[in-house]
Amino acid sequence: MRRAPTILHLDMDAFYAAAEQAAKPSLRGKPVVVGGIGPRGVVATASYEARVFGVRSAMPTAQARRLCPNAAYLSPRFTLYRQVSDAVMELLRALSPLVEPLSLDEAFVDLEAGGVPAETAAARAVGERLRRDIRAVTGLTGSVGLAGAKMLAKIASEAAKPDGLVVIEPGTERELLGPMPVRTLPGVGPATAEALRRAGIHTVAETAEAGEAELVRLLGKAHGTGLYAMALGQDERPVVAERDAKSVSVEDTFEVDLTDRTRVRIEMLRLADRCVQRLRAAGRSGRTVVIKVRNYDFSTLTRSETLRGPTDDPAVVREAAVRLLETVDTTGGVRLLGVGVTGLADFTQEDLFAQMATERETEEAGGAAEPEEGTAAQPEAVVELPRRWYPGLDVVHEEFGAGWVQGSGVGRVTVRFETPWSAPGRVRTFAVDDPALRPGEPLTLLGGPDQSSAPAIRPKSVSAGGGSESAAGAEISRR
């Protein structure tokens, strides 16, 4: 335990929702919920305006809609969130070489490793400067906790929300922790809390009073010993700059159960490609491919296959995922699919045996036969699924420029045309297959209006009154 509060914990405030409000002027100050938008979706983040109505992270979206029907429900845009996260992490690395990211919006920093004096005043000054820098660079806010241990710094940042800073002075830990519920301590989930509740233990103070021997009897040696130390305010865990990922995975939950075997296979292939993209972005390869299938009745199956060596070849991962899928009965309906890669490495080893097996299967199916002279080889038919315009996603229109999807249905899509640095924009509606409308990329929140307000394609004409109505779309509101 340190004698000065030189471990800093940063937690961005309602990160995904706040980023969406910053990117969409018409949503500022209004309830915003980011997450799965379908009937089976789950809330990832809710803005503070939505939390007033009881909306919380990990809540089913259907329940959130009942509590706050007038909120904007948006699909996540991780490209934007990673861009902002990278800028925030750079600010943290300027403070110290020891930065331990926990997620896109959360990290520990060892200030002493960055040369900050072991004094409360010096640590507080660094924390306040960090909050100002984050607001200046990203336009968003973050809450900062300072303490002599990681556990306490995280508790302090939670107490500082939103947009605040809390310092826990070393020596005051037990007095502060005592009345808090036992779930406050790291590693205490629902199962552990229930085991402690049955033993009459509800608060951190009661956990410490129970003694180490009793906690070991209830929870086992490792968990009981660690929990007792934390109940006393003792946390010797260091800030670790690099956290080695053990796996990379992606998954999707579908609004309607998939019963068509061809559609299930197509979705599995798409997930495999997304998984490899994440794998390559991390500069890693993997040896074991894992698929996850959740059936209509919530039963969940996993299958895995270990390759001869680590790979980041999308063809190899796709082949393995499809082979594994063939071992699972999906006739009753599939509500969730996932693909993951474990056994990560920093190098690749081509699986020549898998490629040779694929070639043999192709030859056996007659696919390797040469086309007859004078005839052209026919390309493989690709099943093209309808384009989905999810709320919140970026689009570009040839005439009106950059905007975002407010909603879609019955063959129409509604788009609000605005940018992070503009006034709240106008709304227009188009046919879902309008050739002038296409998916776009998020506009940056960093660097000010000179960098982010210009649309990817500038409008052909702009007038003070908004111009004449286009044949491709009609204005339906001016909020």
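A charge is taken to sit over a ring if NZ of Lys or CZ of Arg is within 6 Å of the ring centre and within 35 degrees of the ring normal. The views below are of a predicted model.

**View 1. Lys24 and the ring of Trp404 in the predicted model.** The charged end of Lys24 is placed over the ring of Trp404, and its distance from the centre of that ring is 5.2 Å.

**View 2. Arg65 over the face of Tyr73.** In this second contact between a charge and a ring, Arg65 lies at 4.3 Å from the ring centre of Tyr73.

**View 3. The tilted pair of Phe15 and Tyr16.** The structure holds 8 aromatic pairs, and in the one formed by Phe15 and Tyr16 the ring centres are 5.8 Å apart with the planes at 50 degrees, so this pair is tilted. Phe15 is buried, having a relative accessible area of 2%, and Tyr16 is likewise buried, with a value of 16%.

**View 4. The stacked pair of Tyr16 and Tyr81.** The rings of Tyr16 and Tyr81 form a stacked aromatic pair, with 4.4 Å from centre to centre and 10 degrees between the planes. Because Tyr16 belongs to helix α1 (residues 15-23) and Tyr81 to helix α4 (residues 78-93), the pair ties together parts that are 65 residues apart in sequence. Tyr81 counts as buried, at 0% relative accessibility.

**View 5. The aromatic cluster that includes Phe15 and Tyr81.** Phe15, Tyr16, Phe78 and Tyr81 form one aromatic cluster, in which Tyr16 takes part both in the tilted pair with Phe15 and in the stacked pair with Tyr81.

Notes. Residues are numbered from 1 along each chain as its sequence is written. This is a predicted model: local features need pLDDT of at least 70, side-chain atom pairs count only at pLDDT 80 or more; totals for chains, interfaces and linings use all residues. Side-chain values use heavy atoms; hydrogens and water are left out. Rings of Phe, Tyr and Trp (its six-membered ring) pair if their centres lie within 6.5 Å; planes under 30 degrees apart count as stacked, over 60 as edge-to-face and the rest as tilted. Buried means under 20% relative accessible area, exposed over 50%, partly exposed in between (1.4 Å probe, protein chains only). Helices (H or I, at least four residues) and strands (E, at least two) are DSSP runs, numbered from the N terminus.
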